Amino acid sequence: MSYYNKLIYQIKRKINNFVDNICSDLNKTQYKFVFQMIYGLMEAQSVKLSDIARCLKEDIT
């Protein structure tokens with residue numbers, strides 16, 4: 001199980017570096033939104049907002 005945790009951490013780190021490169025002039029809230037959307041798109045493998053929210057474990061119907 002620790003292998004998966006390490007893999008997820010590495011993927012999030014790479015997404016974080018990517019978002020750092022493209023969103024250097026955004027404020028913290030906008031940066032967090034972009035990061036979570038990219039991560040949600042990858043995990044959900046869908047562009048539907050409801051699917052992304054479920055993957056991020058958001059309380060959105």
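The largest nonpolar core has six residues: Ile15, Val19, Cys23, Tyr31, Phe35 and Tyr39. A nonpolar core is taken here as a set of buried Ala, Val, Leu, Ile, Met, Phe, Trp, Tyr and Cys residues joined through side-chain atoms within 4.5 Å. Buried stands for under 20% relative accessible area, exposed for over 50%, and partly exposed for values in between (1.4 Å probe, protein chains only). Helix H1 (2-22) and helix H2 (28-44) are the elements that give two or more residues to this core. H2 gives the most, with three residues. Helices (H or I, at least four residues) and strands (E, at least two) are DSSP runs, numbered from the N terminus.

The model is predicted: local features need pLDDT of at least 70, side-chain atom pairs count only at pLDDT 80 or more, and totals for chains, interfaces and linings use all residues. Residues are numbered from 1 along each chain as its sequence is written, and side-chain values use heavy atoms, with hydrogens and water left out.

The protein chain has three helices and zero strands. Its elements run α-α-α from the N terminus on. The C-alpha trace spans about 35 × 30 × 15 Å along its principal axes. Of the 61 residues, 20% count as buried. The accessible surface of the chain comes to about 5,200 Å², and carbon and sulfur atoms hold 57% of that surface. These areas come from the Shrake-Rupley method with a 1.4 Å probe; for residues, only the protein chains shown count as cover. Among contacts with a separation of 6 or more, 15% are between residues 24 or more positions apart. Contact means heavy atoms within 4.5 Å.

Ile15, a member of the core, touches Phe35, Ile38, Tyr39 and Met42, not counting residues up to four places away in sequence. Asn16 lies in helix H1. Asn16 is buried, with a relative accessible area of 16%. Leaving aside neighbours within four places in sequence, Asn16 is in contact with Tyr31 and Phe35. Cys23 sits in the loop between H1 and H2. At 8% relative accessibility, Cys23 is buried. With neighbours within four places in sequence left aside, Cys23 is in contact with Tyr31 and Val34. Cys23 and Phe35 are twelve residues apart in sequence, and their C-alpha atoms are 9.5 Å apart in space.

H2 itself has 17 residues, which should span 24 Å at 1.5 Å a residue; its end C-alpha atoms are 24 Å apart, in agreement. The expected span is 1.5 Å times one less than the number of residues in the helix. The buried residues of H2 are Tyr31, Phe35, Tyr39, Gly40 and Ala44. Their cover includes H1 and H3. Asn27 caps the N-terminal end of H2, with a side-chain oxygen 3.1 Å from the backbone nitrogen of Thr29.

Gln45 is exposed, with a relative accessible area of 72%. Gln45 is not a glycine, although it has a positive phi of about 55 degrees. Most residues other than glycine have a negative phi. Ser46 is found in the loop between H2 and helix H3 (49-55). In contrast to Gln45, which is exposed, Ser46 is buried at 16% relative accessibility. The side chains of Ser46 and Asp51 are joined by a polar contact of 3.0 Å. A polar contact is a pair of N or O atoms within 3.5 Å; within protein, one must be able to donate a hydrogen and the other to accept it, and residues adjacent in sequence count only if both atoms are side-chain atoms. Not counting residues up to four places away in sequence, Ser46 touches Leu41, Asp51 and Ile52.

One aromatic pair is found in a search of the whole structure. Tyr3 and Tyr4 form this edge-to-face pair, at 5.8 Å centre to centre and 65 degrees between the planes. Rings of Phe, Tyr and Trp (its six-membered ring) pair if their centres lie within 6.5 Å; planes under 30 degrees apart count as stacked, over 60 as edge-to-face and the rest as tilted. Tyr3 and Tyr4 are both exposed.
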